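Me: Please take a close look at a single part of this structure, and then relate it to other parts in one connected account.

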Amino acid sequence: MKNYVGAIDQGTTSTRFMVFDQAGRVVAVSQKEHEQIYPKPGWVEHDALEILRRTEEVVAEALSQRGLRASDLAAIGITNQRETTVVWERKTGKPISNAIVWQDTRVSDDVKRFSATGGQDRFRLQTGLPLSTYFSGLKLRWLLQNVPGAREKAAAGELLFGNIDTFLLWNLTGGARGGVHATDVTNASRTQLLNIKTLDWDEQLLAAFEISRAVLPQVRSSSEIYGDASLAAIAGVPVAGILGDQQAALVGQACFRPGEVKNTYGTGCFLLMNTGERLVPSNFGLLTTVAYKFGGAPAHYALEGSVAIAGALVQWLRDNLGIIAKSPDVEALARTVNDNGGVYFVPAFSGLFAPYWKESARGVIAGLTRFANKGHIARAVLEASAFQTREVIEAMEKDSQIALQSLRVDGGMVANELLMQFQADILNREVVRPVIQETTALGAAYAAGLAVKFFSGSEELRAKWAVDRTWKPCLGEAERERLYGQWKKAVTRSFDWMES
């Protein structure tokens, strides 16, 4: 009896496998971190083979927790860190280099060169995206140009490209022995190579980026059977759902109706609004992206505000400065002070994403006095995620002409109640946390379950969504606007730190 669905949740800092039952409850979970590699300032890499090993390990461990076998699983979904770029050999499965992570800024000079002709938005009409170091296309171009022999091998069909979802799918379904080379529309829409109207690779873009179509995966829907797993622990289980992590969280939060919004607080901070089958161009610094496509049904689109550094700032406080021993300790440290003491932390480590899109910005701590201590720094670290979220929401309301009534939240940082209260205060709106907070993995499980009829449809999934806690704003308007005004001032101090 197939009573469960599984989800591989491959994130920026860790990989986990989660098993869910028909009610959407977590039955088993295993998680392992992988190495963050920083070869040069601004460069961020992952070992794709290490990620594959971690994936295999967490799948086996999660199933063993409950004595589950492959025959207990109806399907498996994949959700992944988006834009992180892998190129590997078709015959061996060996990557030609480390994966280039979405946070990496090595293509900043290419962004300037491409923007010099037609501006930063020259490809926005086709892709919904501005030119940025963020997306996969320029990373792929860099690998083909800088790894010896790569461009020739790519043209000859000897190399394969994908975001992490594609690399995992190929390996899980046979690898060099017939693995499926495919991606879904959500991940494809983050490459800056997909035409988001036709949902196919765009020949004009491929020519501009000098990329051979031979390396690209087939573009499929987010919910269909791509192939059966060959990995021993899950052999024969259909791999039937793929969603980029932020779109997966949108699905996991059951935001299936136009105007519904979620915000995920993970390594970065990502706010998505479902705009239905309507593709909404942004005039205020947001991205237009594919939300999901279930089987043969029309694609749904989303407006997205992407913040590069959120939880990663807490990790920086832990790993680089040693101010805290564990990431959750940041809340207790921040509670040792009553306010931020005038300190603001703008975490533009990889430039600023939405709504500014300034590659040349760098991180700043502003407002320091002799009064400031590590508690104020910790508080400023948390408040940075809330301030950045408000900036994105203001842009989203302008683009969509929809006023947000409340904000659905998920991700690792929503356990931090000080942050959630400050988010409600600075937004002046309710912040709502669902019972199942790890909605990214849940969304991938939902997509896979829909493909094999484990779930009947979106209305069944909506009925499973339930509130765990709601935070209501309790900050006066004058103080709220004073704090936000100081934040905006601090942001301007980060501009143009890196000179052309």
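Reply: Q192 is placed in the loop between α7 (185-188) and β10 (194-195); the helices (H or I, at least four residues) and strands (E, at least two) are DSSP runs numbered from the N terminus. The model is a predicted one, in which local features require pLDDT of at least 70 and side-chain atom pairs count only at pLDDT 80 or more, while totals for chains, interfaces and linings use all residues. Residues are numbered from 1 along each chain as its sequence is written, and side-chain values rest on heavy atoms, with hydrogens and water left out.

The phi of Q192 is near 70 degrees, a positive value in a residue that is not glycine. With a relative accessibility of 2%, Q192 counts as buried (under 20% relative accessible area; exposed means over 50%, and partly exposed lies in between, with a 1.4 Å probe and protein chains only). D496 belongs to the segment after α16 (477-494), and its relative accessible area of 53% makes D496 exposed. Another backbone feature is the cis peptide bond between A354 and P355, with omega about -5 degrees; P355 sits in the loop between β19 (344-346) and β20 (364-366).

A further buried residue is L169, whose relative accessible area is 0%. L169 forms part of helix α6 (residues 164-172). The C-alpha atom of L169 is separated by 8.3 Å from that of T183, 14 residues apart along the chain. Leaving aside residues up to four places away in sequence, L169 is in contact (heavy atoms within 4.5 Å) with I78, V180, A182, Y226, V239 and I242.

Strand β1 (residues 4-10) runs parallel to β5, and 7 bridges join the two; strands count as paired if DSSP finds at least two bridges between them. Strand β14 (residues 238-244) is also parallel to β5, with 5 bridges between them. Within that pairing, N80 has G244 in β14 as its bridge partner.

C255 is buried, at 0% relative accessibility, whereas C474 is exposed, at 62%.

The largest pocket has a lining of 41 residues, and T13, Y265, G266, T267 and G412 lie nearest its centre. A pocket is, on a 1 Å grid over the protein atoms alone, an open set of points where a 1.4 Å probe fits, with protein on both sides within 12 Å along at least five of seven lines; lining residues have an atom within 4 Å of a point. Elements that each supply at least two residues of this lining include β2 (14-20), β3 (26-33), α9 (245-252) and α14 (439-451). Helix α10 (311-319) is also among them, and α10 provides the largest share, 5 residues. The second largest pocket is lined by 24 residues, with Y38, V44, W316, N320 and F349 closest to its centre. Here too α10 gives the most to the lining, with 5 residues.
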